[in-house]
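Here are a few notes to read alongside the model, written for someone meeting it for the first time. Have the sequence and the 3D view open as you go through the points.

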Amino acid sequence: MTKPSLPDLLHAAVSAVGGTERPGQVAMAEAVAEAIDDNTHRLIQAGTGTGKSLGYLVPALAHGERVVVATATLALQRQLVERDLPRTVDALHPQLRRRPQFAMLKGRSNYLCLHRLHEGAPQDEEEGLFDQFEAAAPTSKLGQDLLRLRDWADETETGDRDDLTPGVSDKAWSQISVSSRECLGATKCAYGAECFAEAARERAKLADVVVTNHALLAIDAIEGAPVLPQHEVLIVDEAHELVSRVTGVATGELTPGQVNRAVKRAAKLVDEKTADSLQTASESFERVMELALPGRLEEVPEDLGYALAALRDAARNVISAMGATRDKSVQDEDAVRKQALAAVEGVHAVAERILLGSEYDVVWYERHDRFGATLRVAPLSVSGLLREKLFEDRSVVLTSATLKLGGDFNGVAASLGLSAEGVEAEDAPVWKGLDVGSPFDYPKQGILYVAKHLATPGREGTRGDMMDELAELIEAAGGRTLGLFSSMRGAKAAAEELRGRLDNPILLQGEETLGELIKAFAADPKTCLFGTLSLWQGVDVPGPSCQLVIMDRIPFPRPDDPLMSARQKSVEQHGGNGFMAVAATHAALLMAQGAGRLVRASGDRGVVAVLDPRLATARYGSFLRATLPDFWYTTDRNQARRSLAAIDAAAQADGK
């Protein structure tokens with residue numbers, strides 16, 4: 001039997017989802033197939049509307065080896081498992097003569113834990129277990145959430161938090177879930193045979209395609225104990241997010257509250273002397289943290305060093321003592337012990353890591369008005385980790401609408417631990433980049449307007465000229481505006497100011513769930529939606545409701561961001577341009593994502609307005625503009641207003 005051709009398979013899959021075959025999608029599918037066949041690596045930029053999911057799924061399914069697809073967002077995971085994969089598998093079945101299986105796999109805490117649900121959560125303050133269902137008043141929001149979770153546990157087939165709609169608060173979910181460290185293990189747990197997390201793992205072992213998230217991929221790479229099943233091909237979608245997600249997983253933190261909980265959990269399982277030493281260390285750590293000022297710690301101060309050493313040593317003694325004692329008077333002792341051990345081991349690991357003082361780690365204090373001080377430690381770079389763990393023993397395809405920064409792939413490649421394209425270096429995997437373009441005609445569909453006449457944004461204070469410009473643009477557009485702000489404070493200030501000046505409804509992130517806000521924004525063309533980071537990447541509103549995307553300023557990292565400034569300094573110490581490698585790259589990635597909110601379909605028209613003159617005047621402006629879609633470019637404010645008014649008039653004439 002002859003092997004079905006890739007074009008035939010792609011055609012069948014595209015027809016099955018009711019799509020249109022695009023040249024970029026064909027080029028992508030061919031590149032993915034080549035990478036899999038040659039066991040090599042690809043970075044593929046595929047613009048919005050390319051049909052990138054099918055561009056990698058079809059060659060991956062055709063190859064027949066196990067594939068892991070890792071995405072950053074829940075929305076894309078759902079789309080793959082609920083829509084793209086079922087339809088594609090059905091469409092390819094007649095030609096492949098087999099029906100590939102697929103499964104979703106997430107971290108353990110994403111699944112309902114039956115042991116926690118039925119036996120209760122180990123309580124910090126007293127002996128025994130805490131029945132959260134009894135303790136939470138049934139009329140309270142927490143009580144209602146917990147009762148709904150108990151009912152849902154009898155109905156759900158997956159136990160996956162994301163299958164519960166509407167969702168519940170993090171506090172409610174934490175009562176019926178466990179981390180991998182807290183889990184008793186299937187063989188020791190009375191509910192092991194019915195465990196949702198174990199069932200998900202078993203399904204993944206049998207699947208040809210496993211859909212997971214960047215965080216679980218990071219855990220699999222960092223912790224050394226494999227979570228994902230063996231696979232020959234790894235496809236990382238939304239790959240522009242990978243470095244920040246891996247950094248997040250590799251970041252440790254200590255707070256007085258967290259240490260205090262560990263003390264309480266351990267106290268009933270060890271002798272009094274051992275427990276007291278951890279309690280004393282916890283109190284001295286809390287005293288140091290009360291005086292902590294936000295910012296990077298280039299060296300660990302003496303008082304913090306003493307407190308951390310005491311914590312580390314006391315935690316180590318507790319861990320040793322816990323392994324040697326048994327107390328049958330403690331109800332459900334194994335669960336209590338496992339949770340206490342996880343808490344104390346977490347404290348020990350972070351204290352020890354900070355005391356080691358690795359030149360590859362960055363340590364800093366953060367302060368929160370409500371929660372007090374937090375001590376954090378994060379890797380200066382994850383590029384070495386990714387180079388070593390990601391690209392060995394498998395073919396890797398990384399794809400996103402935004403991988404070329406300033407016109408090439410090398411910036412993103414460097415963050416992944418790869419050398420420049422075409423340059424062979426020792427230990428650095430060889431890769432190829434491909435930009436398959438976009439089906440959209442950006443110069444005809446969109447305008448990039450830079451408000452060159454405005455004052456350069458300062459760090460503090462309101463920008464009166466910017467508010468005037470914002471109001472005029474929104475009036476010209478008739479609403480239809482997505483406002484992307486570099487800070488929540490900026491978004492709030494603009495919303496407050498313009499609610500008093502314009503008749504258009506202005507929605508503000510945080511005043512309602514993101515899903516509800518986006519739904520309301522899409523439903524009424526006169527409405528504007530203002531917000532910060534998650535809106536730069538998470539909004540998909542094709543059509544006339546979003547015809548103006550405004551960025552208040554170039555979204556450079558804050559100058560006092562300890563991790564970003566440490567990374568910038570490190571690049572400079574090695575002879576590079578720290579500003580371009582870190583700050584400008586960060587801004588370019590966000591701006592490309594933000595500008596991508598404008599044109600989501602072939603009929604979309606509009607303006608991306610950047611209210612920061614530096615995009616036109618600064619030397620790095622051309623680097624940032626080269627990263628954005630190829631819109632028609634202008635700094636003429638009257639041209640921008642005329643275009644917006646014409647687009648608004650056309651939409652109104654169409655009754656939209």
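1. Start with Asp 313, which counts as partly exposed at 30% relative accessibility in this predicted model. Its salt-bridge partner is Arg 312, with the closest N and O atoms 3.0 Å apart. Arg 312 is also partly exposed, at a relative accessible area of 21%.

2. Next, please look at Arg 376 and Glu 253, whose closest N and O atoms are 2.4 Å apart in a salt bridge. Arg 376 belongs to strand 11 (residues 372-379) and Glu 253 to strand 8 (residues 252-254), so this pair ties together parts that are 123 residues apart in sequence. Glu 253 is partly exposed, with a relative accessible area of 32%.

3. Another salt bridge joins the side chains of Asp 163 and Arg 78 (3.7 Å, N to O). Because Asp 163 sits in the loop between helix 7 (141-155) and helix 8 (170-174), while Arg 78 is in helix 4 (residues 74-96), the pair ties together parts 85 residues apart in sequence. Asp 163 counts as partly exposed at 36% relative accessibility, and Arg 78 counts as partly exposed at 23%.

4. How many salt bridges are there? The count comes to 33. Some of them form a network, which links Glu 469, Glu 472, Arg 637 and Arg 641.

5. Which strands pair with strand 18? Strand 15 (residues 481-484) pairs with strand 18 in the parallel sense over 4 bridges, with Gly 483 opposite Ile 550. Strand 19 (residues 606-610) also runs parallel to strand 18, joined by 4 bridges, and there Val 607 is the bridge partner of Leu 548.

6. Finally, turn to the inside, where there are 2 cavities of 30 Å³ or more. The largest cavity holds about 270 Å³ of space. Among its 24 lining residues, Cys 113, His 115, Val 178, Cys 183 and Leu 184 are the closest to its centre. Helix 5 (114-119), helix 9 (196-206) and helix 15 (333-356) each give two or more residues to this lining, which divides into 15 nonpolar, 5 polar and 4 charged residues.

7. The second largest cavity has a volume of about 40 Å³. Its lining includes Ala 60, Leu 61, Arg 98 and Asp 208, and divides into 5 nonpolar, 1 polar and 3 charged residues.

Definitions and conventions:
Residues are numbered from 1 along each chain as its sequence is written. This is a predicted model: local features need pLDDT of at least 70, side-chain atom pairs count only at pLDDT 80 or more; totals for chains, interfaces and linings use all residues. Side-chain values use heavy atoms; hydrogens and water are left out. On a 1 Å grid over the protein atoms alone, a cavity is a set of points where a 1.4 Å probe fits but cannot get out, and a pocket is an open set with protein on both sides within 12 Å along at least five of seven lines; lining residues have an atom within 4 Å of a point. Grid points are joined across faces, edges and corners, and a volume is the space filled by probe spheres set on the points. Ala, Val, Leu, Ile, Met, Phe, Trp, Tyr, Cys and Pro count as nonpolar, Asp, Glu, Lys and Arg as charged, and the others, Gly among them, as polar. Two strands pair if DSSP finds at least two bridges between them. A salt bridge is a side-chain nitrogen of Lys or Arg within 4 Å of a carboxyl oxygen of Asp or Glu. Buried means under 20% relative accessible area, exposed over 50%, partly exposed in between (1.4 Å probe, protein chains only).
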